[in-house]
Amino acid sequence: QRPPRGSKAKFILIAVNTRVVVLLSSKTTSTVLNLDKIQNYLIMSAPLAFDGKVVVVTGAGGGLGREYALAFGERGASVVVNDLGGDIKGGGKSSAAADKVVEEIKAKGGKAVANYDSVEDGEKLIQTALDAFGRIDIVVNNAGILRDRSFGRTSDLDWDLIHRVHLRGSFMVTRAAWNHMKNQKFGRIIMTSSAAGIYGNFGQANYSAAKLGLLGLANTLAIEGQKYNIHCNTIAPTAGSRLTETVMPPDLLESLKAEYVAPLVLWLSHDQCQENGGLFEVGAGWIGKLRWERSQGCIVRNKNQGMSPETVRDQWDNICDFTNATKPANINESLATLVEVLSRLETDEGIVPNPTSAMTTAASGISPLEAVGQKLPESTFSYSHTQCILYALGVGLSTKDDQHLKFLYEGHEDFSCLPTFGVIPSQAAMMDGGLGSVPGLNFDFTRLLHGEQYLELFKPLPTSGKLTSQATIADVLDKGSGAVILLDVHTYSGKELLCYNQYSLFIVGAGGFGGKRTSDKAMSTVAPPNRAPDAVMTDTTTRDQAALYRLSGDWNPLHIDPSFAAMGGFKSPILHGLCSFGFAARHVLKQYANNDASRFKSIKVRFVKPVLPGQSLQTEMWKEGNRIHIQCKVKESGAVVLSGAYVDLYAATDGSPQVLLESGGLKSELVFAEIGRRIKDLGAEMVKKVNAVFGWEITKGGNTAAQWTIDLKTGAGALHKGPYSGKTDVTFTVSDDDFMEVVKGKLNPQKAFFAGKLKVRGNIMLSQKLEVILKDYAKL
Ligand code: NAI
């Protein structure tokens with residue numbers, strides 16, 4: 001069909017069936033639309049009607065209330081026009097005012113009844129609605145009086161009357177309507193506050209207090225009513241009325257018409273309006289919404305120390321600095337700040353301005369809050385034995401040593417990939433330039449130094465394959481002289497986690513943005529024992545060591561181009577830090593693991609000074625159980641180049657963590673098994689850090705499926721399965737699936753708690769320490 005000739009219609013609708021219509025334009029194009037969408041559109045664009053709705057407007061005999069009542073009546077609502085008909089100070093009583101408005105509504109064809117009770121008799125007002133119209137949908141708490149006095153002269157009566165009419169009156173009327181609204185799963189409530197309450201006003205102490213009290217009342221009703229579709233909003237109107245005629249000049253009084261307020265009240269009362277808990281200033285045909293703003297604030301005490309008024313004084317400017325202020329929207333956000341502060345105090349040493357969450361420095365563009373948790377694009381890395389061998393040569397293996405053949409000859413019966421090759425695929429993830437595009441990391445990346453590296457293998461690396469790596473910003477730290485980005489990279493073969501790398505990237509000159517100094521996400525360096533090394537191994541790098549190593553994927557010209565190196569302040573190209581790292585690792589592997597790559601668990605190093613190709617690397621080793629502490633020096637100069645370093649080996653017998661894969665039906669079993677193993681390794685350290693007993697009830701399908709207790713309080717720690725006879729400091733109940741989400745870092749424990757997914761009994765603050773226990777198990 002075409003639009004009829006001469007018609008101005010641009011479109012014509014053809015119903016194809018009851019759900020789908022075709023929209024044809026006069027220019028031949030056609031669009032198929034879903035009928036629900038059209039209905040929605042028609043509803044949303046239709047005039048706002050109140051047919052079938054019953055509204056009580058208090059104090060509707062004059063001023064703003066009268067305007068609301070007339071507007072509701074005009075749009076089909078049945079209106080209870082309440083007014084006591086007294087004077088503005090709360091004296092006297094008359095039915096005339098309400099009757100007059102009822103007549104006006106009826107004259108226009110509307111439905112209305114009068115009620116002359118005081119709002120303090122809330123039940124009676126609501127009963128009038130029920131008697132006359134059978135229900136109550138909307139309450140507009142508007143009745144009001146004034147008894148202005150300077151504060152010192154405010155009498156008990158001035159105070160009490162104001163509170164009785166405004167605050168108690170609104171409470172009485174609203175409470176009387178509440179259960180009816182709850183039962184019918186619909187209700188709209190308006191509270192009338194005032195600029196005097198929000199900002200204060202000379203001579204209105206009583207009135208300001210009552211008016212802002214109404215906002216507090218509304219805030220809570222908005223929360224309690226939400227699930228019953230009862231919405232409660234607050235307005236602070238300004239309009240000419242008998243209440244304002246003494247304080248406003250006549251011209252202004254005339255222009256600030258009550259009809260410029262009523263449309264907001266009608267919209268907030270409509271069933272289409274989803275606003276709940278809002279506060280609006282309204283007048284003169286303008287409406288604005290208000291919310292809270294909070295400064296970043298300042299932690300004013302040190303860990304384990306009291307708090308003093310002097311520190312408060314000294315940090316006053318920081319406390320009150322609204323730069324990068326936040327806008328907490330609910331009590332959970334407020335509480336979350338305190339929880340975060342407590343966790344900061346655990347990890348940070350000192351007093352920090354701007355400690356809470358964001359720490360955005362708009363000027364520097366550094367926002368840990370925004371950056372942390374961001375993922376870089378996933379990267380893939382395909383390799384064959386060629387890359388393994390090239391890497392092995394790059395870190396100095398040579399056919400001169402026949403033990404090295406297994407890493408250099410693909411035909412060898414034990415042909416293996418060097419464990420530290422694990423950094424290569426992860427590097428690809430980082431080098432693809434993803435870091436620069438992470439929001440909140442507006443750094444000058446030309447000033448980036450590789451500060452530290454941690455690598456952990458969960459399986460021996462295959463000698464060929466296609467691996468995927470996922471890099472995540474684990475944390476951003478402020479070290480004063482620079483910033484540190486902790487980048488976690490997990491590398492997978494298919495779905496199987498092969499290895500985990502943590503890069504500490506130091507950006508010179510980017511510190512001072514007010515961030516925290518330390519992070520419990522950081523894999524820390526450890527000082528070697530205070531004795532002469534148990535073993536020392538030395539290797540000379542060749543003049544072309546860097547030229548060879550770079551073929552494994554780090555193409556930075558700093559390692560080959562003399563003029564580029566000169567720009568960086570080096571007299572010649574330097575060796576890659578990760579090349580020295582490879583040298584040191586294989587020294588340990590040879591000294592303590594008989595070159596068995598499957599014994600290699602993890603390595604951590606800090607890069608201290610550069611090495612020049614051709615210099616000799618000397619690795620000093622100290623064996624402490626399965627941990628080999630290492631320090632690497634340039635033999636010629638004696639300069640330490642790798643410090644705080646260690647290699648952890650898997651014990652000769654227990655193999656790799658694959659044993660753990662023989663788990664029961666629960667995914668969490670795997671994680672607890674791993675936790676158990678780590679407690680064996682590092683229990684004493686964890687006990688020091690955590691000092692608490694955690695109980696876990698893992699549920700499946702609503703039933704408790706497993707119980708675990710992690711004792712990090714006694715001795716060197718222990719993991720216990722099944723019912724526990726001792727006392728736990730805190731017990732968590734969580735489903736197997738949600739537990740895994742928390743472990744994978746996809747679900748923050750605090751959020752899980754607030755979302756009701758994680759139930760906590762006992763000392764909830766200890767949930768802060770969960771990260772120490774649960775970190776690094778992601779995707780096990
Ligand atoms: P208004 O004096 O014209 O209207 C208030 C009405 O409430 C009067 O008709 C009065 O008889 C009635 N009333 C007083 N006590 C009552 C009681 N105990 N029970 C039942 N009815 C009672 O004043 P206006 O300006 O229309 O004020 C309406 C509301 O707006 C008040 O709550 C007022 O505090 C608030 N407001 C008004 C502003 C303005 O610029 N007009 C500024 C800020 C707030």
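Author: What follows is a short talk about the ligand and its surroundings. Keep in mind that this is a predicted model.

Reader: OK. Where does the ligand sit?

Author: The ligand is in the second largest pocket.

Reader: Which residues come nearest to the ligand?

Author: There are 30 residues around the ligand, and the nearest are Leu 64, Asp 83, Asn 142, Tyr 207 and Ser 241.

Reader: And how do the shell residues divide into nonpolar, polar and charged?

Author: The shell has 10 nonpolar, 16 polar and 4 charged residues.

Reader: Which helices or strands supply at least two of them each?

Author: Those are α2 (63-74), α5 (156-184), α7 (205-225) and β9 (230-238).

Reader: What do the ligand's oxygen atoms have around them?

Author: A polar backbone atom of Leu 64 is 2.8 Å from a ligand oxygen. For Gly 144, a polar backbone atom is 3.3 Å from an oxygen of the ligand. Arg 242 uses its side chain: one of its polar atoms lies 2.9 Å from a ligand oxygen.

Reader: How much of the ligand does the protein cover?

Author: On its own the ligand has 820 Å² of accessible area, and the protein covers 96% of that.

Reader: Different topic. Where is Asn 141?

Author: Asn 141 is in the loop between β7 (138-140) and α5.

Reader: Is Asn 141 buried or exposed?

Author: Asn 141 counts as buried because its relative accessible area is 3%, and the cut-off for buried is under 20%.

Reader: What does its side chain contact?

Author: The side chain of Asn 141 makes a polar contact of 3.0 Å with the side chain of Thr 174.

Key:
Residues are numbered from 1 along each chain as its sequence is written. This is a predicted model: local features need pLDDT of at least 70, side-chain atom pairs count only at pLDDT 80 or more; totals for chains, interfaces and linings use all residues. Side-chain values use heavy atoms; hydrogens and water are left out. A residue is near a molecule or strand if one of its heavy atoms lies within 4 Å of it. A polar contact is a pair of N or O atoms within 3.5 Å; within protein, one must be able to donate a hydrogen and the other to accept it, and residues adjacent in sequence count only if both atoms are side-chain atoms. Accessible areas come from the Shrake-Rupley method with a 1.4 Å probe; for residues, only the protein chains shown count as cover. On a 1 Å grid over the protein atoms alone, a cavity is a set of points where a 1.4 Å probe fits but cannot get out, and a pocket is an open set with protein on both sides within 12 Å along at least five of seven lines; lining residues have an atom within 4 Å of a point. A molecule sits in a cavity or pocket if more than half of its atoms lie within 2 Å of its grid points. Helices (H or I, at least four residues) and strands (E, at least two) are DSSP runs, numbered from the N terminus. Ala, Val, Leu, Ile, Met, Phe, Trp, Tyr, Cys and Pro count as nonpolar, Asp, Glu, Lys and Arg as charged, and the others, Gly among them, as polar. Buried means under 20% relative accessible area, exposed over 50%, partly exposed in between (1.4 Å probe, protein chains only).
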